[in-house]
Amino acid sequence: MAEKNNVVLIGMPGSGKSTLGIVLAKIMTKDFIDADIVIQNQCDKTLQKIIDACGPEGFIEVENEILSKIDAENSVIATGGSAVYSDEAMKHLAEIGTVVYLKISYDQLVHRLSDLQERGVVLKGGIGMSLKELYDERLPLYEQYAGITVDVNDLTITAAARKVADALAHEGVK
């Protein structure tokens, strides 16, 4: 079992998990793991191709299996926005790290996201699911799994990363 010295980022697509995660890893002198890239490498397909081939539920199963086996130390782990659909994966990630929810408002989400289909976003409700429905469905899950919640609305990536690092330091996470 890995030591609990990782930081696990969760949040909506566009909340900055991957880009902020890299900056946060530099600030905290940690390694960086992008879970979406791990999934793509293990499946040898883009996220969207996995979703197209397996459907949303099949993708969630693949994501759960891979995330549940991540064995990292002293790393910032950026999860995909759909990681919270996988209870087993989230429990594992909480065991090996501090889970940080990067909270953005619905208005910020609309501003930051352009094309959901190109981003490989899992729409459990199917292709007709609206961004508002996605936001409303995932919000309680992010709140449920969050060890720490950091509001990153209207912040630059660097400012948001510093705010997360400060929140972690306040909780005694190094």
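Student: Which residues does T79 contact, leaving aside neighbours within four places in sequence?
Tutor: This is a predicted model, so read each contact as computed from it. T79 is found in the loop between β3 and α4 (87-96). Leaving aside neighbours within four places, its contacts are V8, L9, I10, K17, A35 and L93.

Student: Is T79 buried or exposed?
Tutor: Buried means under 20% relative accessible area. T79 has a relative accessible area of 2%, so T79 is buried.

Student: Which backbone oxygen does the side chain of T79 reach, and at what distance?
Tutor: L9 is one of the residues in contact with T79. The T79 side chain also reaches a backbone oxygen. That oxygen belongs to L9, at 2.8 Å.

Student: Where does I77 lie, and is I77 buried or exposed?
Tutor: I77 lies in strand β3, residues 75-78. Beyond four places in sequence, I77 touches residues including V7, V8, L9, I33 and L93. Its relative accessibility is 0%, so I77 counts as buried.

Student: What separates the C-alpha atoms of I77 and D34?
Tutor: The two residues are 43 residues apart along the chain. Their C-alpha atoms are separated by 5.9 Å.

Student: How many residues are in the largest nonpolar core?
Tutor: Nonpolar side chains tend to be buried together in soluble globular proteins. Here, the residues with the most contacts inside the largest core are V7, I10, L20, L24, V100 and L168. A second, separate core of six residues includes I39, L47, I51 and I66. The largest core has 48 residues.

Student: How many aromatic pairs are there, and how are the rings of Y101 and Y142 arranged?
Tutor: A search of the whole structure finds two aromatic pairs. The rings of Y101 and Y142 have centres 5.3 Å apart and planes at 20°. Planes under 30 degrees apart count as stacked, so the Y101 and Y142 pair is stacked.

Student: Which parts does the Y101 and Y142 pair tie together?
Tutor: Y101 and Y142 are both buried. The parts they tie together are 41 residues apart in sequence. Those parts are strand β4, residues 97-103, and helix α7, residues 131-145.

Student: How are the rings of Y106 and Y135 arranged?
Tutor: Y106 is in helix α5 and Y135 in helix α7, 29 residues apart. Their ring centres are 5.7 Å apart and the planes are at 65°. Planes over 60 degrees apart count as edge-to-face, so this pair is edge-to-face.

Student: Which charged end sits over the ring of Y106?
Tutor: Y106 counts as partly exposed, at 25% relative accessibility. A charged end sits 5.2 Å from the centre of its ring. That charged end belongs to K132.

Key
Residues are numbered from 1 along each chain as its sequence is written. This is a predicted model: local features need pLDDT of at least 70, side-chain atom pairs count only at pLDDT 80 or more; totals for chains, interfaces and linings use all residues. Side-chain values use heavy atoms; hydrogens and water are left out. Helices (H or I, at least four residues) and strands (E, at least two) are DSSP runs, numbered from the N terminus. Buried means under 20% relative accessible area, exposed over 50%, partly exposed in between (1.4 Å probe, protein chains only). Contact means heavy atoms within 4.5 Å. A nonpolar core is a set of buried Ala, Val, Leu, Ile, Met, Phe, Trp, Tyr and Cys residues joined through side-chain atoms within 4.5 Å. A polar contact is a pair of N or O atoms within 3.5 Å; within protein, one must be able to donate a hydrogen and the other to accept it, and residues adjacent in sequence count only if both atoms are side-chain atoms. Rings of Phe, Tyr and Trp (its six-membered ring) pair if their centres lie within 6.5 Å; planes under 30 degrees apart count as stacked, over 60 as edge-to-face and the rest as tilted. A charge sits over a ring if NZ of Lys or CZ of Arg is within 6 Å of the ring centre and within 35 degrees of the ring normal.
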